[in-house]
Amino acid sequence: MAENVTPRVRVPRDATVGEVVSVRTLISHQMESGQRRGSDGELIPRSIINRFTCEFNGTSVVDVTIEPSVSTNPYFQFDATVNESGTFAFTWYDDDGSVYTDSAEITVA
Amino acid sequence: MTNKVLLGSVSAAIFAVAAAGIGLADIRTGASLVINGEIPIVTETEPPEFLQDVFPEIYSGWVFRTDETRAMEEDDFDNPGMLYVEQGIEAFNTVMGTEGNSCASCHDAPESLANVRPTYPQWDEAHGEVQTVEMQIIECQTERMGAEPYGYDSQQMRNMASLIASVGRGQPVNVAIDGPAAETWEAGREIYYTQFGQLEMSCADCHERNYGNLIRADHLSQGQINGFPTYRLKNANVNSVHNRFRGCIRDTRGETFAVGSPEFIALELYVASRGNGLSVEGPSVRN
């Protein structure tokens with residue numbers, strides 16, 4: 001079980017129609033690769049966030065497959081064009097089956 | 001000081017590499033650091049009086065880093081060190097020990113401790129010794145909370161120290177070096193200028209005489225500790241001052257002092273005083 005997992009997002013509150021806004025996301029997570037050995041010589045089981053998605057008003061913005069080489073606390077930053085007010089919905093999928101979500105409103109005028 | 005093994009030719013080779021580096025001109029001064037758009041940070045300023053003849057100016061380690069690393073520190077969202085501050089806040093508000101107290105029971109909010117990082121290490125009259133922030137935390141835990149104290153360099157301690165530094169950001173480092181602390185300060189000064197290890201290197205060899213130069217791939221800073229605890233990209237965690245001291249002495253191929261030892265406490269006081277006037281920056285981001 002991954003501990004201390006907290007998602008965080010940063011999206012501008014307002015934008016103009018057609019503006020390209022910068023979206024920043026961060027989730028604290030150990031991202032254990034499954035390739036390291038502990039002090040007992042045994043493999044430490046893999047425990048990573050394996051998928052990250054962002055949707056805006058139900059439309060997919062990004063859908064990322066994450067592999068074990070991604071380091072601790074994965075940070076994603078990307079641009080999105082917004083044409084209307086709405087909600088960015090973010091989802092992170094953990095190897096252990098946990099799903100973490102966060103969202104952010106943006107007002108487009 | 002027991003490890004002054006002579007290997008003159010090796011240390012001469014090291015300095016030849018350093019001398020062939022890119023020189024003082026590579027220190028990119030003049031940029032200003034403002035955290036979250038609201039906390040101005042002094043990253044270059046007049047040296048304290050006792051260093052007037054040594055440095056024209058003192059620089060935070062931030063000045064020596066790349067644009068990308070600098071930028072990470074400008075916004076708490078981009079500063080991974082703040083993840084550890086968050087864990088520190090959680091611990092601050094959690095009851096620990098037999099007295100039923102949390103840190104918040106006495107100190108209300110972490111912001112009430114804004115003056116701690118800028119003025120530590122400082123003389124503690126009751127104990128008759130110079131205390132670091134970590135020692136102060138241990139004192140609270142053992143003498144007032146009835147709690148099992150954090151290990152000096154444990155993750156929990158570094159989280160708490162990061163929190164205490166973060167609320168002091170922007171304030172000038174101002175440790176007292178006179179009065180009862182003077183003796184410890186002198187001991188720290190002695191260590192700073194003592195050559196350690198098989199490579200026979202002192203702190204001053206790199207951080208006073210060769211800052212701005214490259215030692216192999218490392219860009220030498222002035223060794224200021226105003227940015228500690230420091231989030232290092234190399235180990236993706238916050239790092240304590242004493243752990244950094246240990247790493248430096250290890251790199252001289254010397255036997256190091258222990259984290260939390262009287263030698264490192266004295267050295268921390270002395271090195272902190274060399275940065276009097278720079279802003280508290282921790283948790284800073286370094287490579």
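## Polar contacts and salt bridges between the chains

Between chain B and chain A there are 4 residue pairs in polar contact, both residues at pLDDT 80 or more. A polar contact here is a pair of N or O atoms within 3.5 Å; within protein, one must be able to donate a hydrogen and the other to accept it, and residues adjacent in sequence count only if both atoms are side-chain atoms. This is a predicted model, where local features need pLDDT of at least 70 and side-chain atom pairs count only at pLDDT 80 or more, while totals for chains, interfaces and linings use all residues; side-chain values use heavy atoms, with hydrogens and water left out. Residues are numbered from 1 along each chain as its sequence is written, and chains are lettered from A and ligands numbered from 1 in the order in which they are written.

Chain B and chain A also share 4 salt bridges (a side-chain nitrogen of Lys or Arg within 4 Å of a carboxyl oxygen of Asp or Glu). One of them joins Asp75(B) to Arg10(A), with the closest N and O atoms 3.7 Å apart.

## What the interface is made of

Chain B puts 7 residues into the contact and chain A puts in 10 residues, contact meaning heavy atoms within 4.5 Å. Together the two chains bury about 850 Å², and 51% of that is on carbon and sulfur atoms. Buried area is the accessible area (1.4 Å probe) that two parts lose on being put together, summed over both. On the chain B side, Phe77(B), Asp78(B) and Leu83(B) supply 65% of the area buried against chain A, more than any other three residues.

## A three-stranded sheet in chain B

Chain B has an open sheet of 3 strands in the order β10-β9-β11, with mixed pairing. Strands (E, at least two residues) and helices (H or I, at least four) are DSSP runs, numbered from the N terminus; two strands pair if DSSP finds at least two bridges between them. β10 (237–239) and β11 (284–286) stand at the edges with a single partner strand each, so one side of each has no neighbour in the sheet.

β9 (residues 230–232) runs parallel to β11(B) over 3 bridges, and Thr230(B) stands opposite Ser284(B).

Val241(B), His242(B), Phe245(B), Gly247(B) and Ile249(B) are buried in α10(B), buried being under 20% relative accessible area (1.4 Å probe, protein chains only). The buried residues of α10(B) pack against β10 and α11 of chain B.

Next comes Thr252(B), in the loop between α10 (241–251) and α11 (262–274). Thr252(B) is buried too, at 8% relative accessible area.

Technical notes:
Buried < 20%, exposed > 50% of the residue type's maximum accessible area, 1.4 Å probe, protein only.
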